[in-house]
Amino acid sequence: MYRQLLLNTGGGVLSNNQKEKQAQCATLLIGLGGTGIDCLRNLKQKVYSCLQADDPNAVVPTYSHIKFLAIDADKYSLRDRENIHSLDERTECFDIFSNLAGALFVQEMFARQPEYKWLKTNNPETGERGLKILSATAGAGGVRQIGRLLLMQKSDELVNRISNLIIEAKRGFSEQVDVNIHIFSGMGGGTGSGIFLDVCYLVQRALENIGEDGHALTCGYFFCRTSTSAFQK
């Protein structure tokens, strides 16, 4: 049965000797919001399908030098799909959801803090002070300010998480190796589009904290869905 599935016999499965060897580098793949996390799931499937594992003969393949990190405020998008290519909720997901999303208004206390000067506290619908926050648990509700505000509450924790993942990805190499970081995000929702720029800066802070800023390549991939009518205008 296995031989019938092999790519060289007309199937869709590569045998171990057909898979590419892993590059000698540490790789961290970061997905932001629903679109970014979908990218991670697809990439993880490709990694397992096309790259040789750390031990090609192992029953359960492992890729200790390739790390994944999904960042979102929507618990549904972070939920495990229960297959070998799924993202592990414990080690590969970072939930930025907090009690702020259950509040009716962001209090003016945020506006008085220098780090929150970007926050617009005027409600455009009512003219009242305070930015309305949706009470649903589905992420930032399409509001970029909310996505960014949620990230800010956990920025220090995220920097530590990224630093630890890079250290883990480098473990086992006998000499200095390059670090490659790839960030994926959609630009149409409230989480990915609200946090992508800050995450890029936080990644640089994490690299500086562990002395890797001179050995790292950071790439960003940002996706924007445009309707046909937009081109006609």
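**View A. Asn-180 is a buried residue, with a relative accessibility of 18%.** Buried means a relative accessible area under 20%, exposed means over 50%, and partly exposed lies in between (1.4 Å probe, protein chains only). Asn-180 belongs to strand β4. Helices (H or I, at least four residues) and strands (E, at least two) are DSSP runs, numbered from the N terminus. Neighbours within four places in sequence aside, Asn-180 has contacts with Cys-25, Ala-26, Thr-27, Leu-28 and Leu-217. Contact means heavy atoms within 4.5 Å. The model is predicted, so local features need pLDDT of at least 70 and side-chain atom pairs count only at pLDDT 80 or more, while totals for chains, interfaces and linings use all residues. Residues are numbered from 1 along each chain as its sequence is written, and side-chain values use heavy atoms, with hydrogens and water left out.

**View B. The whole protein has 7 helices and 5 strands.** From the N terminus on, the order of elements is α-β-α-β-α-β-α-α-β-α-β-α. Of the 233 residues, 42% are buried. Among contacts between residues at least 6 apart in sequence, 71% join residues at least 24 apart.

**View C. Aromatic pairs: a search of the whole structure finds 3.** One of them is the stacked pair of Phe-184 and Tyr-221, with 4.8 Å from centre to centre and 15° between the planes. Phe-184 is in strand β4 (residues 179–186) and Tyr-221 is in strand β5 (residues 216–223), so the pair ties together parts that are 37 residues apart in sequence. Rings of Phe, Tyr and Trp (its six-membered ring) pair if their centres lie within 6.5 Å; planes under 30 degrees apart count as stacked, over 60 as edge-to-face and the rest as tilted. Phe-184 is buried at a relative accessible area of 9%, whereas Tyr-221 is partly exposed at 31% relative accessibility.

**View D. Two charged side chains sit over aromatic rings: Lys-44 over Phe-68 and Arg-148 over Trp-118.** The charged end of Lys-44 is 5.5 Å from the centre of the Phe-68 ring. Arg-148 is 4.4 Å from the ring centre of Trp-118 and lies over its face. A charge sits over a ring if NZ of Lys or CZ of Arg is within 6 Å of the ring centre and within 35 degrees of the ring normal.

**View E. Helix α5 (residues 155–170) and helix α6 (residues 192–209) cross at roughly 55°.** Their axes come within 9 Å. Axes are lines fitted to C-alpha atoms, for helices over the stretch in contact, and angles run from 0 to 180 degrees between N-to-C directions. α5 and α6 are therefore oblique to each other. Angles under 35 degrees count as roughly parallel, over 145 as roughly antiparallel, 65 to 115 as roughly perpendicular and the rest as oblique. Residues making the contact include Leu-158, Ile-162 and Ile-166 of α5 and Leu-202, Val-203 and Ala-206 of α6.

**View F. Gly-142 lies in the loop between β3 (93–95) and α4 (144–153).** Gly-142 is exposed, at 53% relative accessibility. Gly-142 and Gly-190 are 48 residues apart in sequence, and their C-alpha atoms are 3.8 Å apart in space. Not counting residues up to four places away in sequence, Gly-142 touches Gly-189 and Gly-190.

**View G. Arg-171 is in the loop between α5 and β4.** Arg-171 is exposed, at 55% relative accessibility. From C-alpha to C-alpha, Arg-171 and Ser-64 are 8.2 Å apart in space, and they are 107 residues apart in sequence.
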